Amino acid sequence: MSLALEKPGLRPVNSPLRRFSNLLYRRPNLYLLMLLIPPLIWFGAIYLGSLLNLLWQGFYTFDDFTMAVTPDLTLANFAALFNPANFDIILRTLGMAIAVSIASAALAFPIAYYMARYTTGKTKAFFYIAVMMPMWASYIVKAYAWTLLLAKGGVAQWFVQQLSLEPVLHFILTIPGVGGSTLSTSHLGRFLVFVYIWLPFMILPIQASLERLPPSLLQASADLGAKPRQTFMQVILPLSVPGIAAGSIFTFSLTLGDFIVPQLVGPPGYFIGGMVYAQQGAIGNMPMAAAFTLVPIVLIAVYLSIVKRLGAFDAL
Amino acid sequence: MSVHKNALLSALSTALLASAAVQAAEPLKAVGAGEGQLDIVAWPGYIERGESDKAYDWVTGFEKETGCKVSVKTAATSDEMVSLMAKGGYDLVTASGDASLRLIAGKRVQPINTALIPNWKNVDPRMQNGDWFVVNKQTYGTPYQWGPNVLLYNTNVFKEAPTSWNVVFEPQNLPDGKPNKGRVQAYDGPIYIADAALYLKSAKPELGIQNPYELNEAQYKAVLDLLRQQQPLIHRYWHDATVQMSDVKNEGVAASSSWGYMVNGLKADNQPVASTVPKEGATGWADTTMLHTDAKHPNCAYKWMDWSLQPKVQGDVAAWFGSLPAVPAACTGSELLGAEGCKTNGYDLFEKIAFWKTPQAEGGKFVPYSRWTQDYIAIMGGR
């Protein structure tokens with residue numbers, strides 16, 4: 001109808017640009033595709049492509065005599081992951097990642113709860129800054145600083161001495177899997193550094209999930225005669241699980257991939273990151289390094305699927 | 001037309017062939033004019049132009065004399081040096097013994113013509129044929145500096161210098177009456193297997209170890225057993241000089257393999273430490289200035305290799321780095337090093353040192369470096 005009314009003189013010029021924009025208008029999918037292709041190429045080719053390329057090298061053969069890599073395909077590298085020595089490295093890293101995640105959650109929850117429920121305005125801002133401040137300092141500086149804090153003449157042991165707890169410390173250091181020859185070369189010391197460094201990544205997601213918790217639910221719980229303990233166990237904790245799960249993704253994966261802290265603090269023995277570094281750097285055994293990079297990928301995939309069941313992604 | 005084309009083609013192919021011949025890199029026949037540029041991969045502190053301390057400058061004079069502008073890329077580990085050289089774009093590298101043979105085997109570096117280096121005559125005759133850079137009678141570079149891996153000990157614990165490496169290898173009570181468990185350190189690198197082999201060479205002569213870098217299966221197994229037995233004694237496997245210095249200061253570490261750098265640093269800090277080379281001898285490192293196979297500035301590189309072998313330059317580097325010169329005349333030729341410098345850093349130890357070199361299989365006779373690496377990782381992890 002409108003076509004019929006149109007005057008011939010006002011008919012739009014049928015320029016290529018106009019035809020192109022008409023095309024885009026008629027086919028919105030094409031328009032979307034054009035917008036998405038550049039980032040998809042980036043993600044697909046550069047990110048996934050190089051990752052798959054790296055993993056593919058895990059099938060290559062490394063020759064012990066010439067120390068050269070040949071593209072003959074083999075499963076030997078992945079089988080070697082289950083050597084006792086290599087499997088130790090995986091278990092050691094995994095155990096630490098789980099322990100650090102649990103401890104971070106236990107420490108972070110009260111802080112996050114206080115931040116979410118009992119602070120407003122300036123106090124809240126203060127807490128935010130206090131939690132994030134350590135993240136503004138260089139990670140390496142913090143890790144090095146801990147080697148001094150934990151040393152025999154350091155601050156941590158001075159406190160232990162002042163409180164006359166030295167026998168307790170010596171006893172803890174003799175427990176296998178926890179101790180070590182001194183505090184700074186013990187599993188405990190390494191664990192403390194990890195918890196310190198990743199704690200902010202746990203506090204913030206928990207705090208966010210607790211802020212979303214409607215106060216009316218707590219009032220209802222109290223009205224119905226629940227004790228504080230029951231309210232906590234049956235209302236607050238279940239509703240904050242997504243936050244804890246989200247935080248634990250950070251602490252778990254960051255611990256799994258770290259290779260600086262294990263070098264500076266703790267007993268001998270590599271973590272996965274240090275092993276990858278040693279394999280590709282020291283021996284040039286790229287295939288074995290590539291096989292080892294598969295381990296954190298698999299572990300984190302398993303972890304994410306567990307966490308997904310806990311509802312960490314429900315709020316997304 | 002076609003004649004023209006053919007002429008062009010043949011000219012092109014001649015040019016290609018000629019350039020291929022250059023690429024195949026016979027050692028240079030004569031050193032020509034400098035190319036105006038020189039790129040070196042070096043340890044931090046090895047190539048100083050007076051930016052850290054005005055007195056320590058052995059680059060400015062070279063640039064003035066030759067017109068070759070020096071740019072330095074520092075590398076923190078031997079592995080980093082190998083990977084930088086594999087990437088290419090550099091002319092020279094100051095490679096340690098655990099990197100040099102890898103570079104030669106990987107064809108990253110080329111043999112040099114020592115006749116073109118007038119100062120070659122200065123080089124310590126004991127080093128001129130070092131098997132960490134001379135392969136098949138071809139010389140891959142010029143020696144730069146060397147140093148021993150000494151036994152560092154706490155003088156409050158040891159009233160007299162320990163005479164054997166067994167204080168770090170075997171469980172025992174130290175002279176202060178307390179066990180050495182948790183008070184000794186070992187180096188966090190597979191090359192440390194050679195230290196254990198050197199100890200066993202005299203502790204268990206029946207094994208017949210000749211060279212700690214050439215171990216057959218039986219010898220290798222005995223060495224690994226020793227290292228496994230050492231593992232529970234170890235306070236920390238060190239690789240970071242700063243961390244080791246703080247461990248000696250704060251953590252009560254009583255004995256460890258170490259470098260002159262840490263000993264001098266701790267002494268300057270008034271710590272009760274000293275160092276010694278026990279009766280078994282010691283391992284040590286010797287660095288070589290090596291020329292990249294595809295070096296873009298070979299003339300400048302030759303000029304630098306010659307320059308670096310002057311007694312004054314050698315002495316200055318040794319003073320700055322706490323190392324020892326590859327040129328004996330340097331011990332008296334540098335004010336910075338002083339008259340006693342060489343002695344302090346351990347010049348007389350040369351004969352007792354088994355210099356680092358990358359262990360090679362040599363056709364299956366010996367255990368190669370890749371297995372050293374894997375096994376040492378397992379041992380550090382308590383396997």
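This briefing describes the contact between chains A and B and the domain arrangement of chain B. The model is a predicted one. Between the two chains, the contact draws on 27 residues of chain A and 24 residues of chain B. Chain B itself is divided into two domains, domain 1 and domain 2, and these also touch each other, with 11 residues of domain 1 in contact with 15 residues of domain 2.

**Contact between chain A and chain B**

- Chain B contributes 24 residues to the contact, and chain A contributes 27 residues.
- On the side of chain B that touches chain A, at least two residues each come from β10 (234-238), α8 (241-250) and α14 (369-380) of chain B.
- The element that gives the most to this side of chain B is α14(B), with seven residues.
- By residue class, this side of chain B comprises nine nonpolar, 10 polar and five charged residues.

**Domains of chain B**

- Domain 1 of chain B covers 37-147 + 285-355, while domain 2 of chain B covers 149-283 + 358-381.
- The centres of domain 1 and domain 2 of chain B, taken over C-alpha atoms, are separated by 27 Å.

**Contact between the domains of chain B**

- Domain 1 of chain B places 11 residues in contact with 15 residues of domain 2 of chain B.
- α4 (97-105) and β15 (353-355) of chain B each supply at least two residues of the domain 1 side of this contact.
- With three residues, α4(B) gives the most to the side of domain 1 that touches domain 2.
- The residues on that side of domain 1 of chain B are four nonpolar, four polar and three charged.

Definitions and conventions
Residues numbered from 1 in each chain as written. Chains lettered and ligands numbered in written order. Predicted model: local features only at pLDDT ≥ 70, side-chain atom pairs only at ≥ 80, totals over all residues. Contact = placed C-beta atoms within 7 Å. Helix = DSSP H or I, 4+ residues; strand = E, 2+ residues; numbered from the N terminus. Nonpolar A, V, L, I, M, F, W, Y, C, P; charged D, E, K, R; others polar. Domains from an automatic or database assignment.
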